[in-house]
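Q: Hi! Could you walk me through this model in plain words?
A: Happy to, let's take a look together.

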Amino acid sequence: MKLLQDTVRREGIVLNDQVLKVDAFLNHQIDPAFMLAVGKQFADLFAEEAITKVVTIESSGIAPAMMTAMQLQVPLLFARKHKSLTLTSDIYTETVYSYTKQVSNEITVSKKFLHPTDNVLIIDDFLANGEAAFGLARIVEQAEARVAGIGIVIEKSFQPGRQKLLDAGYRVESLVRIASLEKGQVTFVENNVM
Ligand code: 5GP
């Protein structure tokens with residue numbers, strides 16, 4: 001997505017060879033017009049999939065997932081990172097390890113909001129090792145619902161997440177793919193301009 005590549009070039013900050021900071025437009029300050037364009041792109045990519053629900057993880061996934069859900073006219077459901085006080089029998093739970101933060105989070109979703117008839121589009125802000133996406137997919141599958149695809153705003157293609165998800169049989173659509181963050185520079189995977 002050309003708009004996203006330009007925004008990453010202009011506003012992204014390379015913290016080190018592994019981590020890109022995007023708090024100017026994606027996960028702290030949010031540009032609504034830009035996020036709407038992101039949502040439209042995901043909605044176009046998955047238009048033929050008869051999606052019934054968009055699922056993401058709090059908090060950074062919510063903005064792109066919300067715009068996508070609005071375009072597809074389906075509900076958005078976000079997994080929580082902290083258990084609420086409801087009975088554990090009422091929730092689906094998975095453990096997700098974050099390499100960036102070096103912590104494990106229990107993510108939870110209420111059983112009320114996922115059903116075997118659901119055809120789910122998973123959305124997240126970043127794809128690195130695939131932990132978050134796999135955790136969400138396992139939750140969808142606990143509910144015996146179907147994962148129709150996984151939409152990622154920024155994929156770090158030099159990390160193994162994409163390949164692991166493809167190997168597991170999931171459709172993965174990333175709006176930008178980063179080949180490298182070496183030498184403080186963002187290099188995109190070629191032929192990735194939608
Ligand atoms: P994964 O679960 O695929 O290993 O990592 C994805 C999650 O880690 C995303 O939900 C995102 O919050 C966080 N993350 C991974 N890499 C980056 C990065 O380079 N920058 C930022 N800001 N977050 C990242």
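Q: Let's start with Lys 156: what does its side chain reach?
A: The side chain of Lys 156 reaches the backbone oxygen of Gln 18 at 2.7 Å. That is a polar contact, meaning a pair of N or O atoms within 3.5 Å; within protein, one must be able to donate a hydrogen and the other to accept it, and residues adjacent in sequence count only if both atoms are side-chain atoms.

Q: Before we go on, what kind of model is this, and how are things counted?
A: This is a predicted model, where local features need pLDDT of at least 70, side-chain atom pairs count only at pLDDT 80 or more, and totals for chains, interfaces and linings use all residues. Residues are numbered from 1 along each chain as its sequence is written, and side-chain values use heavy atoms, with hydrogens and water left out.

Q: Thanks! Where is Lys 156, then?
A: Lys 156 sits in strand 8, which spans 146-156. Helices (H or I, at least four residues) and strands (E, at least two) are DSSP runs, numbered from the N terminus.

Q: Is Lys 156 buried or exposed?
A: Lys 156 counts as buried because its relative accessibility is 6%. Buried means under 20% relative accessible area, exposed over 50%, and partly exposed in between, using a 1.4 Å probe and protein chains only.

Q: What is Lys 156 in contact with?
A: Leaving aside neighbours within four places in sequence, the contacts of Lys 156 include Val 19, Phe 126, Ala 128 and Leu 181. Contact here means heavy atoms within 4.5 Å.

Q: Which residues does UniProt list together with Lys 156?
A: The unreviewed UniProt entry lists Leu 20, Asn 27 and Lys 156 under "binding site". The lining of the largest pocket takes in Leu 20, Asn 27 and Lys 156. UniProt positions are given in the numbering used here, feature names are shortened, and annotations may be inferred rather than shown by experiment.

Q: What counts as a pocket?
A: On a 1 Å grid over the protein atoms alone, a pocket is an open set of points with protein on both sides within 12 Å along at least five of seven lines, whereas a cavity is a set of points where a 1.4 Å probe fits but cannot get out. Lining residues have an atom within 4 Å of a point.

Q: And what about Leu 20, where is that?
A: Leu 20 is in strand 2, residues 20-21. With a relative accessible area of 5%, Leu 20 is buried.

Q: Which other residues does UniProt give for "binding site"?
A: The unreviewed entry also has Ala 128, Asn 129, Gly 130, Glu 131 and Ala 132 under that heading. The lining of the largest pocket includes Ala 128, Asn 129, Gly 130, Glu 131 and Ala 132.

Q: Why does Asn 129 count as buried?
A: Asn 129 counts as buried because its relative accessibility is 15%. Asn 129 lies in the loop between strand 7 (119-127) and helix 4 (131-142).

Q: How about Glu 131?
A: Glu 131 is found in helix 4 and counts as partly exposed at 25% relative accessibility. The side chain of Glu 131 reaches the backbone nitrogen of Tyr 97 at 3.2 Å.

Q: Now the ligand: how many residues surround it?
A: There are 15 residues around the ligand, and the closest are Leu 20, Ala 128, Gly 130, Ala 132 and Lys 156. A residue is near a molecule if one of its heavy atoms lies within 4 Å of it.

Q: Which atoms lie 2.8 Å apart at Asn 129?
A: A backbone N or O atom of Asn 129 is 2.8 Å from an oxygen atom of the ligand. The protein buries 86% of the 500 Å² that the ligand exposes when taken alone. Those areas come from the Shrake-Rupley method with a 1.4 Å probe; for residues, only the protein chains shown count as cover.

Q: New topic: where is there a cis peptide bond?
A: A cis peptide bond joins Glu 58 and Ser 59, with omega about -5°. Most peptide bonds are trans.

Q: Last one: what is Pro 64 like?
A: Pro 64 is found in helix 3 and counts as buried at 0% relative accessibility. Pro 64 and Gly 151 are 87 residues apart in sequence and 9.6 Å apart in space, C-alpha to C-alpha.
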